[in-house]
Amino acid sequence: MLELKHLTFSVEGEGSQKEILKDVSLNVQDGTFLVVTGPNGGGKTTLAKTIMGLNQPTSGQIIWNGEDITNLNITERARRGISYGFQQPPRFKGLRVWDLLSLASGNAQLTHAEGCQLLTQVGLCAADYIDREVDNSLSGGEVKRIEIATVLARHTKLSLFDEPEAGIDLWSFTNLIDVFQSLRGKLNGTLLIISHQERILQIADEIVIISGGQLQEKVPAGDILPKLMEGSASCGGCVKREAVFS
């Protein structure tokens, strides 16, 4: 279980401290598909990065499976089964997809067949991708699915994704939804996604709303989706701020 206890994150700004996260407390049970939503600039990405160890909280605690990991670095957290998917996954010229999957799995002897199986699970034709370089020849949707395959390779227990729909086309987004739906049974762990997209919200177990650096609400998806979806059709499936906070 993931427990956040009175988490605060501040930065220096214009001669004073600016609080990005303000006393955030949250419990996430194992096996939960949680979506964090809310207005831009509300602290969602900062929250995910703080959980992963990319940010060090100003105060508060992060407890993972009963262990206080607040002061652990990103590598130590990764070794404990926590992973992070960026809005814009990095590309690596000269590094093949198979190389990346091998590194992620920690298995230098990962076979091509095992790598191909991972790619198939995220909806990519393995034969077309296993030996390609992870460079600019890949589309945004392709590189994001490869990143998800690396998460599968690591068998992580807590997988964080920051707006995975950002920067990809509609076809890739539709396929990404299918991937996340299928991940629920394959990860055997907790999935936390930051998103504004209605279709991702619809497949969540629980929804958390973050605004102004504070946790506004945490409820089962079925209890709040009708409110979130008010008027969303007119903005292309992106949840309106006024719908969320009315």
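Let me begin with a term: a residue is called buried under 20% relative accessible area, exposed over 50%, and partly exposed in between, with a 1.4 Å probe and protein chains only. By that scale Phe86, at 34% relative accessibility, counts as partly exposed, whereas Tyr84 is buried, with a relative accessible area of 11%.

Before going further, please keep in mind that this is a predicted model, in which local features need pLDDT of at least 70 and side-chain atom pairs count only at pLDDT 80 or more, while totals for chains, interfaces and linings use all residues. Residues are numbered from 1 along each chain as its sequence is written, and side-chain values use heavy atoms, with hydrogens and water left out.

Now to the sheet. Helices (H or I, at least four residues) and strands (E, at least two) are DSSP runs numbered from the N terminus, and two strands pair if DSSP finds at least two bridges between them. In which order do the 6 strands of the open sheet stand? The order is E6-E9-E10-E3-E11-E12, with mixed pairing. Strand E6 (82-85) and strand E12 (214-220) are at the edges, each with a single partner strand, so one side of each is left without a neighbour in the sheet. On average, neighbouring strands here are turned by 15° against each other, direction ignored; for such angles, axes are lines fitted to C-alpha atoms, for helices over the stretch in contact, and the angles run from 0 to 180 degrees between N-to-C directions.

Helix H6 lies across E6 and E9 and runs at about 175° to E6.

There is also strand pairing involving E1, E4 and E5. Strand E1 (residues 2-13) pairs with strand E4 (residues 59-64) in the antiparallel sense over 5 bridges, and Glu3 has Ile63 as its bridge partner in E4. E4 in turn pairs with strand E5 (residues 67-68), again antiparallel, over 2 bridges, with Trp64 opposite Glu67. E4 and E5 form a hairpin with 2 residues between them, and Asn65 in the turn has a positive phi of about 50°.

Next, the aromatic pairs. Rings of Phe, Tyr and Trp (its six-membered ring) pair if their centres lie within 6.5 Å, and planes under 30 degrees apart count as stacked, over 60 as edge-to-face and the rest as tilted. A search of the whole structure finds 2 such pairs. The ring centres of Tyr84 and Phe86 are 4.8 Å apart with the planes at 75°, so this pair is edge-to-face. The rings of Phe161 and Phe180 have centres 5.3 Å apart and planes at 70°, so that pair is edge-to-face as well. It links distant parts of the chain, with Phe161 in strand E9 (residues 158-162) and Phe180 in helix H7 (residues 170-187), 19 residues apart, and both Phe161 and Phe180 are buried.

A nonpolar core is a set of buried Ala, Val, Leu, Ile, Met, Phe, Trp, Tyr and Cys residues joined through side-chain atoms within 4.5 Å. The largest has 43 residues, and those with the most contacts inside it are Leu101, Leu119, Ile148 and Phe180. Helix H6 (residues 140-154) gives the largest share of this core, 7 residues. Contact means heavy atoms within 4.5 Å, and, leaving aside its neighbours within four places in sequence, Ile148 is in contact with Val122, Phe161, Leu176, Val179, Phe180 and Leu183. A second, separate core of 26 residues includes Leu2, Leu47, Tyr84 and Ile194.

Gly38, between E3 and H1, is buried at 5% relative accessible area, and its C-alpha is 5.2 Å from that of Ile209, although the two are 171 residues apart in sequence. His155, in the loop between H6 and E9, has a positive phi near 55° and is exposed, at 61%. Glu163, in the loop between E9 and H7, has a positive phi of about 45°, but Glu163 is buried, at 14%.
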